[in-house]
Amino acid sequence: MPAHVAIIMDGNGRWATQRGLPRSAGHRQGVEALRRTVRAASDMGISVLTLYSFSTENWSRPQAEVRFLLELLRRFIRTDVADLHKSNVRIMIIGDRDGLERSLRTMFEEAEALTRANSGLRLVIAFNYGSRQEITRAVKALAGKVAEGSLSPADITPDLIGRHLDTAGLPDPDLLIRTGGEQRISNYLLWQCAYTEFVFLPEYWPEFDAQSLARAVDTFRARDRRFGGLKAQTA
């Protein structure tokens, strides 16, 4: 069983277009798929579920769609966080919060604070997230320490870089799933996915359910993970 599953939730708009519906209908159904997936991951014993909800590049979409996505996120936090808390889910939001509306940052902080002591599934929401931007922030933080004399360049290791990423303290993903038929990772967890197994699914995100997750996990479990060696091993 993978300890950490990351998902690129792709295909909301195409799902809606194929049905003659507005893209907003696809995003609404995508939230339902998110709820199903969180329940399924918790039931399966997955420890960490990281979902790519909004990338740094998504701001270039039409403003009406961006506003709708932001409102969906606010609605999800208002209506679902209490239930997630009761289910012992711990919420963590990663990504760049600088420049976000203060009300949204406050909602993030409150959701994280409310669920911080929970010991069940850790639900990681990647919002305003881009992996290259994340790595750049980590490099700048380390460069600042070098400039002030508190860190020697010789002491910079992959582990130290990892501790300056948004995902510090989390295991790297064992499995990354992307729905919608595309086969790329779109600036998502580039550093963390060095040895992640990828599963690309044809179904659109609104169609994703517990059975979809189980099939992807079965595919993962059938693979030999050698991490550069000759024998299969665990991470």
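Helices (H or I, at least four residues) and strands (E, at least two) are DSSP runs, numbered from the N terminus. The structure above is a predicted model, in which local features need pLDDT of at least 70 and side-chain atom pairs count only at pLDDT 80 or more, while totals for chains, interfaces and linings use all residues. Residues are numbered from 1 along each chain as its sequence is written, and side-chain values use heavy atoms, with hydrogens and water left out.

On a 1 Å grid over the protein atoms alone, a cavity is a set of points where a 1.4 Å probe fits but cannot get out, whereas a pocket is an open set with protein on both sides within 12 Å along at least five of seven lines; lining residues have an atom within 4 Å of a point. Grid points are joined across faces, edges and corners, and a volume is the space filled by probe spheres set on the points.

By this rule there are two cavities of 30 Å³ or more. The largest cavity, with a volume of about 70 Å³, is lined by Leu73, Phe76, Ile77, Val81, Ile91, Ile93, Phe108, Ala111, Ile125 and Phe127. Two or more of these lining residues come from each of helix 3, strand 3 (90-94), helix 4 (102-115) and strand 4, and helix 3 gives the most, with four residues. If Ala, Val, Leu, Ile, Met, Phe, Trp, Tyr, Cys and Pro count as nonpolar, Asp, Glu, Lys and Arg as charged, and the others, Gly among them, as polar, then this lining has ten nonpolar, no polar and no charged residues.

The second largest cavity holds about 40 Å³ of space, and its lining, which includes His4, Thr50, Leu170 and Asp172, divides into four nonpolar, four polar and one charged residues.

Of the 31 residues that line the largest pocket, Met9, Asn12, Tyr52, Ser53 and Asn58 are the closest to its centre. Helix 1 (12-18), helix 2 (23-44), strand 2 (48-55), helix 3 (63-86) and strand 4 (122-129) each give two or more residues to this lining, and helix 2 gives the most, with five. By class, the lining of the largest pocket has 13 nonpolar, ten polar and eight charged residues.

The second largest pocket has a volume of about 340 Å³, and of its 22 lining residues the closest to the centre are Leu170, Pro171, Asp172, Trp191 and Gln192. Its lining is made up of twelve nonpolar, five polar and five charged residues.

Helix 7 can be followed in more detail. The expected span of a helix is 1.5 Å times one less than its number of residues, so the twelve residues of helix 7 (residues 210-221) should span 16 Å, and this agrees with its end C-alpha atoms, which are 16 Å apart. Its buried residues (under 20% relative accessible area, where exposed is over 50% and partly exposed in between, with a 1.4 Å probe and protein chains only) are Ser212, Leu213, Ala216, Val217 and Phe220. They lie on the same side of helix 7, because they cover an arc of only 135° around the axis, taken from the directions from the helix axis to the C-beta atoms. An α-helix has 3.6 residues a turn, so residues three or four places apart point the same way. The buried residues of helix 7 pack against strand 1 (4-8), helix 2, strand 5 (175-178) and strand 6 (197-200), where contact means heavy atoms within 4.5 Å.
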